[in-house]
Amino acid sequence: MNNNAPYRVPEPQRLIAFKAALQQKRMPIYRKIVRWMWILTLGSIAAAILTIIIISLVAIPSFRELENPRSALASEVLADNGEVLGRYFVENRVPVTYDELSPYLVQALIATEDARFHNHSGIDARAIARVIVRTVLLGDLSAGGGSTITQQLAKNLYSDRNFAGMNKFQRIVALIYRKLREWITAVKLEKRYTKEEIIAMYLNQVDFVNNAYGIHAAAEVYFGTTPKNLKIEEAATLIGMLKNPSRYNPNTYPDRCIRRRMVVLFQMWQNGYITERQYDSLKVLPLDMSRFRRVSFSDDLAPYLCAELKKDVQAILDSLNARKPDGSPYNIYRDGLRIHTTINPVYQRHAEAAVAQHMAQVQQRFFQVWKGRDPWTYKTRETTPAEIELRKEELRKLIRSSERYQLLWPKYMGEISERIQKQYGLELQDADILRMLNEEKDGKTFTSQMAKGWLSPQKVAQYRQIMSGQEWLELKDQWYALQRAVAQQYNKKVPMKVFDWRSPRYEKDTLMSPLDSLRYHRMFLQVGMLALEPTTGAVKAWVGGINFKYFKYDHIRTMRQVGSTFKPFVYATAIAQQGISPCFQVYDQPVTIPAYYQGFSNVVDWTPKNATGVYSGNLLTLKEALKGSVNTVSTYLMKQLGSPEPVRGLLHHMGIDSSARRPDGEYRLPKQPSICLGAADLTVWEMTAAYATFANNGMFARPYVIKKIEDQNGRVIYRAQLEENMALPANVNYVVLDMLKYNVSGAPGIRELKSEVGGKTGTTNEYSDAWFMGLTPTLVVGTWVGGEDRWIRFLSLNDGQGARLARPIFASFIKRLEQDPKSGYNYLERFKRPAGDLEIEIDCSKYLENRPPSDEEDFEANLYQDQIESNQTNRPRPANRIDEGFQ
């Protein structure tokens, strides 16, 4: 017996009994807890197993898909006869086998991405544990990832990797689901393929940017060789890009790429693939990009159309929520879609030829006019210093958006911008730096731009944090150093190719500074030309510019001021509402629409001038006034309508949304009287469709260019439907059509055509935009000519009018179609006159014979004679500048 043991007082019998009773009473609760724990445990296991089975059966690609992973298939854009107009494709994707890979590539890949690649079956439990412990629990971001090469290949089989629009709970659920799916797919891949096949498949699917898809293309683009012949440092460079191809792009971020290459080489040394001596010698090698060559796409028959069509196809697929059999969205570059269009390839070739022939002549004259002058500093009496500064700033924007500038940016701004992003959460752009510099200079920039809605308070707060931080001085120093380097590089002459109408293939070799090259190319006049079938709205030809290689901006959907091409809509509205004849006569005299007159909202009296600045005082029929683009008569008709709304309403029925607004908040179809002279910015697409109504008995047919979209197996994903509505009564429409025919009768180029033709020219103020809208019974053609910038223009009406710049393209195009028997164009077609009485007299000899001048007209004539005499010494009051000079 141990005398040192502590003495325990025995519990009273009653307490023991009480505890036993209490335990007995709680026993059902304990049993229930245990039972529910088993239910939850087994249920969770069963749910996990069921989830895995469902994912395996439903969400995982079939073995056939896994055994035959397809390379990206080109999507084709087809003409109405099946001819290929263009392709959307991944160029240079040539699948390679494992035997065609350099051993350095394989070693670099395994050492960097999956060191235990040969020791797992698709999922590396040790790597996952490392991520959980070191990265999640300890916060060690350098611990590496947990995905194996096989998992990364599995991930590439799916395209739904975006968490945008999800809340936190949805993101967690989606992440768990996708990880399970990825793991299951990885295990299937490992069961089905050898390790060598998995490596080859993985490298064949990687996007190395710069249009280099797959390792074969990457080796060609970056190093001008094959995957088999890559050197150690070249293999390390390409494998290093896998982490983030854009971020470690050797062409854009060479310093960053070298540091990443060093990491790959270090991993190769650590894993025993190269010696320490090799590592030491390889890590200091410069990055050799002398053999880099950017992949160029083959010339399409309709390059501007194909470039724009990508947006339309994507919008259609998104709106339909179209999905492939596996549930993933379609990829226009990879899924072999067949996009059937309405384009007639013969029409397209003739349209391109007509544009090239005329624009070459126009450009020669343009350079003659501007010889010894500078469009960026040229002044007229109305030019303000602010406008000159705007032109110069636009030139600076061109420099900042150029490839040369983008290559210089990382060298000077890369490191400091990374620190700014890490500390303040702002990815610096040029615009951010310029705003902060301007704010430091004037103290008003932030307030002004917030008032205009261009800046948010949150962004301003970020700016102020940066400006008060210790990085601000360094940021400014690096920015100014970048600007000095840019100025030095852009003013140094170097050999280059430039666009030239007179040279073979429209380009020539020359010695020119990059700045002069920008200015030179910016001085080329551009074109937008669209031809469509009026009865269906089917687009038959699309020319968005003069040369897609040098000028990629499409002008079919660019908003430009339309000038006098708008006037027929005013005439049509007046004839429809008031039943007046095109032979109705109006004096060419100043017309004033007073401030707030009837339904108008102009705040001051408005008295526009004619394009010539002269009023003839003659009594003109509406037909004559439209042919001469007389502004006073259009203003007279607008005043008679009492509001711009009837005209805006007609345009709405012709496919131009009257409720649409510009980025500045103003209506695209202004609610101002100046709309009658064409003070609206519209597109060639909209104008051509609206004019097609006149050639289709007043019926508007919504234009379209995509007939249908099929997947690679021929399944129809989308089919266009004809949309049409009545915009004008047939009799009124024919009256306007007759005026448009009269409008071009005897015009140069038009009188030689065999087709029946109507049309209207348009020229905006300062000759910035030249238009011609041409109609035949089977084809309506809209043509715009002008500069990318509005100050790239001719200096006189004689050179810059629509009749000189745009109408000849239409005439040449139609003539080419008439002369080509293969075009299928029927020049014998004639416009159809509606059956029965028009109820509106279009024969002016009969109209004037049966209607003598009224007393009111005599009074107006006498009154105007007094005005003429008064105006010999006093010029008419000036109008708002935007409404002057329209023709």
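1. Which residues touch the most other members of the largest nonpolar core? They are Phe566, Phe569, Phe694 and Phe813, in a core of 168 residues. The model is a predicted one. Helix 13 (residues 345–370) supplies the largest share of this core, ten residues.

2. In soluble globular proteins, nonpolar side chains tend to be buried together.

3. Phe694 can be followed through its contacts. Leaving out residues up to four places away in sequence, Phe694 touches Pro568, Phe569, Ala572, Met654, Leu728, Asn733, Val736, Leu737, Leu740 and Leu775.

4. Phe813 is one of the buried residues of helix 29, which runs over residues 807–819. Also buried in helix 29 are Arg807, Ile809, Phe810, Ala811, Ser812, Ile814, Leu817 and Glu818. The buried residues of helix 29 pack against helix 13, helix 28 (802–805) and strand 6 (526–532), and also against strands 16 (758–763), 17 (769–775) and 18 (780–786).

5. On geometry, helix 29 has 13 residues and spans 19 Å from its first C-alpha to its last, close to the 18 Å expected at 1.5 Å a residue.

6. For the protein as a whole, there are 31 helices and 18 strands, and 49% of the 887 residues count as buried. Of the contacts between residues at least 6 apart in sequence, 72% join residues at least 24 apart. The accessible surface is about 44400 Å², with 52% of that area belonging to carbon and sulfur atoms.

Definitions and conventions: Residues numbered from 1 in each chain as written. Predicted model: local features only at pLDDT ≥ 70, side-chain atom pairs only at ≥ 80, totals over all residues. Heavy atoms only, no water. Helix = DSSP H or I, 4+ residues; strand = E, 2+ residues; numbered from the N terminus. Buried < 20%, exposed > 50% of the residue type's maximum accessible area, 1.4 Å probe, protein only. Contact = heavy atoms within 4.5 Å. Areas by Shrake-Rupley, 256 points an atom, 1.4 Å probe, with all protein chains shown as cover. Core = buried A, V, L, I, M, F, W, Y, C linked by side-chain atoms within 4.5 Å. Expected span 1.5 Å × (residues − 1).
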